[in-house]
Amino acid sequence: MSETASALSDSEKAALKLPPKVSGEKPDSGHMEEFGVNFARFLMRCNAECGELAEYNMAGQQTVLMSGPAAQEAFLKTLDKKLSRAAAYQAMVPVFGEGVIFDAPPERMKTQLKIQVDALRYQNMKAYAAVIAQEVQDWIAGWGDEGEMDFLDEFIQLTLHTACHCLLGADFRYKMTDEFKSLYHDLERGLQAIAFVDPYMQQPIFEARDKARARLQTLISEIIAERRANPEREYGDALETFMSGTYADGSLLSDNEVTGLVIATMFAGHHTSSGTAAWTAVEFARNPQYTGAVLQELEELYARDGELTFENLRDLPQLEAFIEEVLRLHPPLVLLMRRVIEDIDYNGTLIEAGKTVAISTYGSHRNPTYFPDPERFDPQRPKASSADMMWAYIPFGGGPHKCAGNAFALMQLKSIFAALLPKYTFELVDAPETYEDDLSAMVLKPSSPCRLRYRRR
Amino acid sequence: MALKITLDLDLCQGHSVCLGECPEVFDVVESDEGYPQVILLQEAPPPELREKVEKAARYCPNHVITVTEA
């Protein structure tokens with residue numbers, strides 16, 4: 001790959017090929033319609049037809065899908081300085097708030113993201129592990145010996161509780177969850193496809209979004225003021241970290257920016273976790289032959305330590321392998337995008353500034369070269385056995401912008417199932433093939449209803 | 001035999017798991033490039049720190065740390 005520091009000259013550009021175009025383009029809308037039916041399958045078609053680079057058209061926005069470990073590594077790592085996330089995610093601006101993350105100047109955005117990650121550091125994680133274990137116990141306390149529930153609904157609720165608790169603390173969690181839920185719901189509804197065309201149109205959903213954003217800031221400002229008045233108390237939640245973070249000049253984040261980080265963290269972590277938890281429950285019900293090894297490892301843990309802790313949750317290789325296989329087949333974020341800000345010469349092909357580049361986790365995880373018989377659920381298949389595999393298996397992305405919540409996400413999933421599996425067995429209620437990937441929202445989840453029957457062991 | 005530690009700083013986001021496991025060898029410091037970054041306090045730690053160093057490598061969420069024999 002050419003690693004030139006300056007932009008390409010016209011004669012250099014003329015010597016390069018252009019990415020092959022995907023068939024089936026329609027006037028004006030391009031591939032929008034086919035994309036909308038099932039974008040994960042559409043992206044697999046793009047790759048099958050055109051190979052490593054495949055250009056499709058989203059109503060005028062030319063997008064180049066990059067497939068395979070080498071191209072994915074380039075997207076995630078080596079080309080990073082020529083790619084912009086901010087330009088690709090402008091629909092998030094009114095949700096996160098003005099001046100927050102993708103709307104902040106690059107230096108401030110970097111600091112905000114750093115402060116967001118600070119809240120996920122080692123010391124905080126120990127406190128979160130205890131919160132999650134407690135929330136899970138409270139959740140299953142009323143289950144009884146057997147029953148039937150929609151586990152997607154259940155996990156949406158549970159992970160909202162854990163997120164609220166870890167982000168904003170116990171007081172907020174036990175007093176304010178209902179109002180928070182409805183505000184968050186209005187913010188989410190403000191992110192329908194139309195927001196990616198123009199998030200500032202006159203629309204009832206956008207009015208509700210802006211009202212919810214303002215109300216949430218009022219609530220969070222009240223907690224911030226109360227905490228600043230009582231500086232001796234410690235909370236161990238993310239808000240505490242966000243409130244104490246500073247820019248290079250020593251100034252604190254504004255209430256608007258703190259609110260924005262809370263919202264951004266919810267959007268990054270909530271549905272990604274609930275969808276994966278629901279799929280994990282379904283796969284346990286569908287693949288009971290793999291439960292034995294996981295159970296044995298958990299029995300050993302409880303016999304040795306008596307309870308789940310941040311430390312012992314890290315040593316559960318069987319459960320971890322099971323969850324990793326769930327993330328391979330059902331990666332919550334299917335499509336990752338960047339805007340090209342400087343012309344790219346990718347192995348002799350020109351990807352021009354202004355185009356969007358994309359990678360598909362879903363497609364990569366079903367590439368038979370790296371994952372033979374890809375639709376088969378097999379927790380034992382290798383996932384990190386070589387450098388190529390590292391860039392083929394990318395449920396959390398990779399490189400400098402890898403999902404900073406990956407350790408939190410895995411800890412939470414392990415905590416949930418380490419508590420559930422020794423107590424209950426799970427069975428499908430509906431026919432196995434009716435549990436499918438639902439791609440109608442931004443985040444992949446199991447289709448509704450997602451009913452399972454549980455019985456005490 | 002002493003240990004040799006290799007860091008892939010492109011992957012480090014400053015999660016600080018290594019610092020928690022083995023503060024004799026790892027520190028995490030502020031960086032101009034955004035995320036805090038791991039630094040080594042000892043280039044070739046003695047073998048008695050092997051277990052702690054290996055834990056730091058194993059539990060690093062971003063696989064930044066590789067441990068080999070010096």
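**Briefing: chains A and B of a predicted model**

From the N terminus on, the elements of chain B run β-α-β-β-α-β, where helices (H or I, at least four residues) and strands (E, at least two) are DSSP runs numbered from the N terminus. This is a predicted model, in which local features need pLDDT of at least 70, side-chain atom pairs count only at pLDDT 80 or more, and totals for chains, interfaces and linings use all residues. Residues are numbered from 1 along each chain as its sequence is written, while chains are lettered from A and ligands numbered from 1 in the order in which they are written. The model scores ipTM 0.87 and pTM 0.93.

**Chain B**

- Chain B has a mean pLDDT of 91, and 99% of its residues reach 70 or more; pLDDT is the predictor's confidence in each residue, from 0 to 100.
- A compact globule of 70 residues would have a radius of gyration near 11 Å, and chain B agrees with 11 Å (taken over C-alpha atoms; the rule is 2.2 Å times the number of residues to the power 0.38).
- Along the principal axes, the C-alpha atoms of chain B fill a box of roughly 35 × 20 × 20 Å.
- Of the 70 residues of chain B, 40% count as buried (20 or more other C-beta atoms within 10 Å of the residue's own; exposed means 12 or fewer, partly exposed in between, with C-beta atoms placed from the backbone).

**Contact between the chains**

- Chain B gives 14 residues to the contact and chain A gives 15; two residues are in contact if their C-beta atoms, placed from the backbone, lie within 7 Å.
- On the side of chain B that touches chain A, helix H1 (17–21) and strand E3 (34–40) each supply at least two residues.

**Helix H11 of chain A**

- The 32 residues of helix H11 (residues 255–286) of chain A should span 46 Å at 1.5 Å a residue, and the end C-alpha atoms are 46 Å apart, which agrees (the expected span is 1.5 Å times one less than the number of residues).
- H11(A) is mostly covered, with 26 of its 32 residues buried.

**Backbone exceptions**

- Most residues other than glycine have a negative phi, and most peptide bonds are trans.
- A cis peptide bond, with omega about -5 degrees, joins A:Ser448 and A:Pro449.
- A:Asp28 has a positive phi, near 65 degrees, and counts as exposed because it has 9 C-beta neighbours inside 10 Å.
- B:His63 has a positive phi, near 50 degrees, and lies in the loop between helix H2 (50–59) and strand E4 (65–69) of chain B.
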